[in-house]
Amino acid sequence: MTQPQFDVTIIGSGFAGLCMAIRLKEQGQDNFVILERAQDVGGTWRDNQYPGAACDVPSHLYSFSFAPNPAWSRKYPTQPELYAYLRRIAKDYDLLRHIRFDHTLEAADYDEQHACWTVRTSQSSITSRTLVMGNGGLAEPKLPDIAGVERFKGKTFHSSRWDHDYDLTGKRVAVIGTGASAIQLVPEVAKVAGQLDVYQRTPNWLIPRPDRAYTGLEKTLFKALPATRRLHRNAIYWGHEARVMGMVLNPALMKVFQKVAELHIRRQVKDPVLREQVTPDYTIGCKRILISNDWYPALQQDNVSLITDGIREIREHSIVTADGTERDIDALIFCTGFYATENPIAHAVTGRDGQTLADAWVDGEEAYLGTTVHGFPNLFLMIGPNTGLGHSSMVFMIESQAELIQRLLNDMQQQGSEEIEVREAVQAGYNRRLQERLAGSIWATGCDSWYKHKNGKITALWPGFTFQFWLRTRRYRRDDYSFSAVPVSPKTATA
Ligand code: NAP
């Protein structure tokens, strides 16, 4: 082989993939390709088209710092608005010509001899010096393994694969799950369904959603005087950062949030039985805090039932709960979340010595700064292990990671290096400290959540302020990595 075809291959064209591509272009790098499994950009905001889909991080923070949008219509962006924003970004930054749509990643193998990746998709095979995984932290729908689920003969779909051709009007509908997706779509489905059964395994803490439309005056100001928009964004940013005090530094502080959530239940739920059913038994913040004004009212509609008995089995046209009750349904909507850990894509990425990411992560996902993994040279993850947030905007983390990756790529170029790999001891020490910090966090106070690997290790979340992550990525130490001009043996890369 002479040179690989591409310097950089990016998987995915959501916030992460687009951000990486923009950074590359800013640096004058044009020899990159984006492989996208769908037919459009947008990632999670293209996929999650269920009725009521919106973000629970405010618009001015949940958008690129370098591509502000003074015209956000509301405090919290809706899915159509975010999707349109990302489509516009792809066009404005001239990224579309770099994207190969309908290319699903099937396998990525590191070629040690040539220090490059061979990437096979559903349509082609390419070689690339480096590989950036911008495939998203919550992109692979998880379906429940409930007995008999495969026998169901009615309509089924996952919240992130909404079937707009199926009309729910007047139908008997069941929703399984009561997480962030369910609390948004249930109030909408309740408006049209004949009967809606909501199956709850664990209640979530909810606080009011302080949403509102921006006034014309605000939008004009944000556009005419960008400093006002920046001030607004900064106020939102620091307001959210303050939550870290309770989540990581002193979980007892979360009691304030819990009082707000308890009051929310008392105000919106009159029936004592329902109150008890929707009140969680864990400290607020342990699972993701949800925000909604219409979830509790929806549960009290005449055509809606909250079912808290465990599901025993699913039959051809019904669901049977542990108490033996059988409820007939026409449609079954899974709001059962995503593979935030144990993402199947980890089986498709093979590094040194034939080891896949899934092999390396059998005891829980690990990386250095959520971005590089020992044993996987020239591979960069975005929204990798322990970069998720329980309190603020993932777009901030994505920007920090894209900048780090860009710096590492620049360093490779400056040193005439063809291979970069994080040192084993650096990654191990970093993760040891990370887990020590997480052990005292709110997420470790005794609940089950998608933040954790099945062995209980918290592998999804960053335990700190987002500016700490930003500082870590800006001030990274070059010595933490081994750079080599020619492929090295695994021994050379250890500390
Ligand atoms: P989720 O929060 O993981 O919720 C999944 C739900 O399904 C939980 O209630 C879970 O119960 C239940 N469940 C899973 N398997 C089950 C089974 N076998 N039987 C019964 N119930 C089962 O998933 P999500 O609602 O899709 O949200 C995932 C994440 O996406 C959110 O936390 C958030 O980060 C993001 N999101 C954000 C927004 C937003 O910004 N507004 C909207 C949607 C999603 P248990 O709690 O008992 O496990």
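1. In β9, V198 is the bridge partner of V175. The structure is a predicted model, in which local features need pLDDT of at least 70 and side-chain atom pairs count only at pLDDT 80 or more, while totals for chains, interfaces and linings use all residues. Residues are numbered from 1 along each chain as its sequence is written, and side-chain values use heavy atoms, with hydrogens and water left out.

2. Strand β8 covers residues 172-176 and strand β9 residues 195-199; the two pair in the parallel sense over five bridges. Strands here are DSSP runs of E with at least two residues, helices are runs of H or I with at least four, and both are numbered from the N terminus. Two strands pair if DSSP finds at least two bridges between them.

3. β8 also runs parallel to strand β16 (residues 331-334), to which four bridges join it. On that side, A174 stands opposite L332.

4. How many of the five residues of β8 are buried? Four are, and the strand is mostly covered. Buried means under 20% relative accessible area, exposed over 50%, and partly exposed in between, with a 1.4 Å probe and protein chains only.

5. L196 has its place in β9. L196 counts as buried because its relative accessibility is 0%. Between L196 and Y83 there are 113 residues in sequence and 28 Å in space, C-alpha to C-alpha.

6. The ligand is surrounded by 22 residues, the closest being D56, S181, R201, T202 and K287; a residue counts as near if one of its heavy atoms lies within 4 Å. The largest share of this shell, three residues, comes from α4. By class, the shell holds ten nonpolar, eight polar and four charged residues. Nonpolar here means Ala, Val, Leu, Ile, Met, Phe, Trp, Tyr, Cys and Pro, charged means Asp, Glu, Lys and Arg, and the others, Gly among them, are polar.

7. A backbone N or O atom of T178 lies 2.9 Å from an oxygen atom of the ligand. For Q184, a polar side-chain atom is 2.9 Å from a ligand nitrogen atom. A polar backbone atom of C335 lies 3.1 Å from an oxygen atom of the ligand. On its own the ligand has 910 Å² of accessible area, of which the protein covers 85% (Shrake-Rupley method, 1.4 Å probe).

Terms used:
A polar contact is a pair of N or O atoms within 3.5 Å; within protein, one must be able to donate a hydrogen and the other to accept it, and residues adjacent in sequence count only if both atoms are side-chain atoms.
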